[in-house]
Amino acid sequence: MTDVGGSMADEKKRPVRRTTVADVAKLAGVSAMTVSNVLNAPHRVSEPTVRTVQAAIDELGYTPNHAARALSSGRSQVIGLPLYVDDETFSDQNPGLGGFLHGLLGGLVKSAAVAGYGVHVTTPTEGATEIALYEKLIAARQVDAIVVLETMPHDPRLEFLSSRGFPFVAFGRTRRDQRQCWVDVDNEKSMAGIARHVRGTGRLRAAYLATESTLPWVHQRQAGFLQEFTSPHSLQSFNSLDAVAAYVESALGRPDSPDVYVADNDAFAVVAMRTLQQRGVKVGEDIAVTGFNDFPFASMLDTPLTTARIPLRDIAARLFTRALQEINNTPDHPGQLVTAPLIVRSSA
């Protein structure tokens, strides 16, 4: 007679075997080295193979042993994302910024997790600089690479990291004499696409609403607009939403008033739309309006906004892949430009 109780007890005592890289390799029909590359250096593997291996990882529920890997490699298996934000960052003048950062961070976390990495988000203490934060992260060996946001020409953060020889990747372009470890929106091409679209709808008196800033993307988008409207109705820069509203209202009723407002961000576009609608203007019919970014609220307006959608998840995946290349000290590659596709809705 079989001792059922004893068999069940033995089964409970038997340790559950941990799924290994070899198990994943066998299911995916690839070598263990290929699985390792997918986890640690996906840029070395074709996209179809990455998908096949990831499907096997998901099916088996494989979880990399981060502690063992970090101990053997001397790496933290973490990338750093320092955010230097002040109290005004999430003010009413920056609607949608929270969604932008959430989309970027979510994409980074997802891409990092596939490769067995984590993302360390941190911010400098009051009075400290972002570079001082970098020094702490490097000295404590808390991260293997740093993601730098909103880079500028001659950016001191990039100069510091370059001088230290510490791996980094930039959301925004580096100088030509620095490593081209960057990913950026092709703002010029993307804005030219918006301008080309509104011209195609017969709008010729275009007023451009620009952000008053020295950030590179501001000038890149303006250059893209001017490719299609070499002699625009007007070209103005603003440092507040109220200033945008006042300008749009002042142009109403004039014989040569604009027939389209092209804003370099969604917030300016929404303010222009609201100002026009309060004066009885039918946006999308009487006067068109376009934005840039495709913040979550853009599709939920009474008159949904035509805009360019920044593909944050794609950008985040590219940033992480390039960060791994820098960590692994691969040869330098060109930076990557990502087009923001045009999303046509009722406003234009």
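Two residues are in contact here when heavy atoms of one lie within 4.5 Å of heavy atoms of the other. Keep that in mind for the tour; the model on screen is a predicted one.

**Stop 1: two helices**

Select residues 187-200, which form helix 9, and residues 216-228, which form helix 10. Two packed helices are described by the angle between their axes and the distance between the axes. For helix 9 and helix 10, the axes come within 7 Å and cross at roughly 35 degrees. The crossing of helix 9 with helix 10 is right-handed.

Now show the side chains. On the helix 9 side, the residues that meet helix 10 are Asn-187, Glu-188, Met-191, Ala-192, Ala-195, Arg-196 and Arg-199. Their counterparts in helix 10 are Trp-217, Gln-220, Arg-221, Ala-223, Gly-224, Phe-225, Gln-227 and Glu-228.

**Stop 2**

Arg-221 lies over the face of Phe-292, 3.8 Å from the ring centre. Next pick Phe-225 together with Tyr-208 and Phe-229: ring pairs link these three into a cluster.

How many aromatic pairs does the count come to? The count is seven. Phe-238 belongs to strand 7 (residues 234-238) and Phe-268 to helix 12 (residues 266-278), so the pair links distant parts of the chain, 30 residues apart.

**Stop 3: Leu-133**

Select Leu-133, which lies in helix 7 (residues 130-139). Its relative accessible area is 9%, so Leu-133 counts as buried, the limit being under 20%. Which residues does Leu-133 touch, leaving aside neighbours within four places in sequence? Leu-133 is in contact with Pro-82, Thr-122, Thr-123 and Pro-124.

**Stop 4: helix 13**

Finish with residues 312-327, the 16 residues of helix 13. From first C-alpha to last, helix 13 reaches 22 Å, close to the 22 Å expected at 1.5 Å a residue. Colour its buried residues, among them Leu-312, Ile-315, Leu-319, Phe-320 and Ile-327. The buried residues of helix 13 also include Arg-322, Gln-325 and Glu-326. After helix 13 comes Asn-329, which has a positive phi, near 55 degrees.

Key. Residues are numbered from 1 along each chain as its sequence is written. This is a predicted model: local features need pLDDT of at least 70, side-chain atom pairs count only at pLDDT 80 or more; totals for chains, interfaces and linings use all residues. Side-chain values use heavy atoms; hydrogens and water are left out. Rings of Phe, Tyr and Trp (its six-membered ring) pair if their centres lie within 6.5 Å; planes under 30 degrees apart count as stacked, over 60 as edge-to-face and the rest as tilted. Helices (H or I, at least four residues) and strands (E, at least two) are DSSP runs, numbered from the N terminus. A charge sits over a ring if NZ of Lys or CZ of Arg is within 6 Å of the ring centre and within 35 degrees of the ring normal. The expected span of a helix is 1.5 Å times one less than its number of residues. Buried means under 20% relative accessible area, exposed over 50%, partly exposed in between (1.4 Å probe, protein chains only). Axes are lines fitted to C-alpha atoms, for helices over the stretch in contact, and angles run from 0 to 180 degrees between N-to-C directions. A crossing is left-handed if the near helix is turned anticlockwise from the far one by less than a right angle, and right-handed if clockwise.
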